[in-house]
Amino acid sequence: MKKELVIVIDFGGQYNQLIARRVRDHHVYAEIKSFETPLEEIKAAGYKGIIFTGGPNSVYDMTSPHYDKAILDLGIPVLGICYGCQLLAQVLGGQVTPAQEDSAREYGKTVTWYDRSCPIFQGLPEKSVSWMSHGDYMARVPAGFRLTAHSAAAHVAIADEVRRFYGVQFHPEVSHTEYGTRMLHNFLYEVCGARGTWSMADYKNTAIGQIREQVGQGRVLLALSGGVDSSVCAALLAEAIGDQLTCVFVDHGLMRLNEGNEVEAAFAKWSMNFVRVDAEERFLTKLAGESDPERKRKIIGEEFIRVFEEEAKKIGAVDYLAQGTIYPDVI
């Protein structure tokens, strides 16, 4: 069965990862892609739905993130959230303007009234709480849209049921929106026609199978920082290929108390070759006297690579640094 996919187009919002997670909670796989992703790539992927995320910008500022209007001609349902809602309205001929009164600027838990005839609000109470975070408002909605929710200050949701375009000024992905989970469920199942065929267990098994096929009888060298990205990668590799994996854990001494020991203990159950490098003094020496956060980040990243390369030489892994299969850490 073909995997159901939803694309979450990132316009710089703080909740983008959370949106994808909420979609996956409904057994539909979500991929986060930049607003710079080519339209042809989106067309070819066969997405069942598109979600425009929030963001810190104003859509009427043409230096803000935008997307090719042609994406709305693909026949794929769209849900715009906050900035994404305003972007949907703006590109289709509506008007978004700065709030002129304090009452039109909304932040935090806000009592909201929903039009329950709208598909994404089906099954909800007429009135509930949603989480707002906006200083702009939709002064005019595009042709073909109707208003489907409002607060005491402003209209906060729009819908074009014919083209299956929906927009909400609030954030259904956060727990503060009391019925946000149901709204996303309605979009995925009632609007996009999803069947909920995806699960994390399926994803894990698929990933493990792909790793085994790609690696074969080869060996893999992994740089492990102890962060989420590299740790998940290490766990999948260990499950897939066992002692064909050499894992170099660069302990830079910048984690929480005893966290380095916890990282090492977490991987003890696998038969991988686990190498821990105590590099705390080296990193602290490099960082001494530096106060700029961005410069610190670059120093840590550069030093991490240097330590990893040096350790690879010590353990005789230079050859597959150059020619083998490498799953590098994301610095």
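This is a predicted model: local features need pLDDT of at least 70, side-chain atom pairs count only at pLDDT 80 or more; totals for chains, interfaces and linings use all residues.
1. Start with β7: 6 of its 8 residues are buried, so the strand is largely enclosed by the rest of the structure. Buried here means under 20% relative accessible area, exposed means over 50%, and partly exposed is in between (1.4 Å probe, protein chains only). Strands (E, at least two residues) and helices (H or I, at least four) are DSSP runs, numbered from the N terminus.

2. Residues are numbered from 1 along each chain as its sequence is written, and side-chain values use heavy atoms, with hydrogens and water left out.

3. Now the sheet. It is open, with 9 strands in the order β2-β1-β3-β4-β11-β10-β9-β6-β7 and mixed pairing; two strands pair if DSSP finds at least two bridges between them. β2 (29–34) and β7 (127–134) are the edge strands with a single partner each, so one side of each has no neighbour in the sheet. On average, neighbouring strands are turned by 30° against each other, direction ignored.

4. Look at β6 (residues 106–114) next. β6 runs antiparallel to β7, and 8 bridges join the two. β6 also runs antiparallel to β9 (residues 146–150), joined by 2 bridges.

5. Helix α1 (residues 16–25) lies across β1 (5–10), β2, β3 (49–52) and β4 (78–81), and runs at about 160° to β2. Axes are lines fitted to C-alpha atoms, for helices over the stretch in contact, and angles run from 0 to 180 degrees between N-to-C directions.

6. What about the nonpolar cores? A core is a set of buried Ala, Val, Leu, Ile, Met, Phe, Trp, Tyr and Cys residues joined through side-chain atoms within 4.5 Å. The largest has 31 residues, and I51, I120, F121, F170 and F187 touch the most other members. Two or more residues each come from β1, α1, β4, β10 (155–160), β11 (165–168) and α4 (180–191), and α4 gives the largest share, 5 residues. Beyond four places in sequence, F187 touches I50, I51, P77, V78, L79, I120 and C192, contact meaning heavy atoms within 4.5 Å. Apart from this core lies another of 28 residues, among them I9, C85, A89 and F165.

7. Is Q169 buried or exposed? Q169 counts as buried, at 0% relative accessibility, and lies in the loop between β11 and α4. A polar contact of 2.8 Å joins its side chain to that of Q86. Such a contact is a pair of N or O atoms within 3.5 Å; within protein, one must be able to donate a hydrogen and the other to accept it, and residues adjacent in sequence count only if both atoms are side-chain atoms. Outside four places in sequence, Q169 has contacts including C82, M132, H134 and Y137.

8. T63, in the loop between β3 and β4, counts as exposed at 71% relative accessibility. The side chains of T63 and D61 are joined by a polar contact of 2.7 Å.

9. Last, a helix pair: the axes of α5 (residues 200–215) and α6 (residues 228–241) come within 9 Å and cross at roughly 65°. K204, A207, I208, I211, R212 and V215 of α5 make the contact with L236, L237, E239, A240 and I241 of α6.
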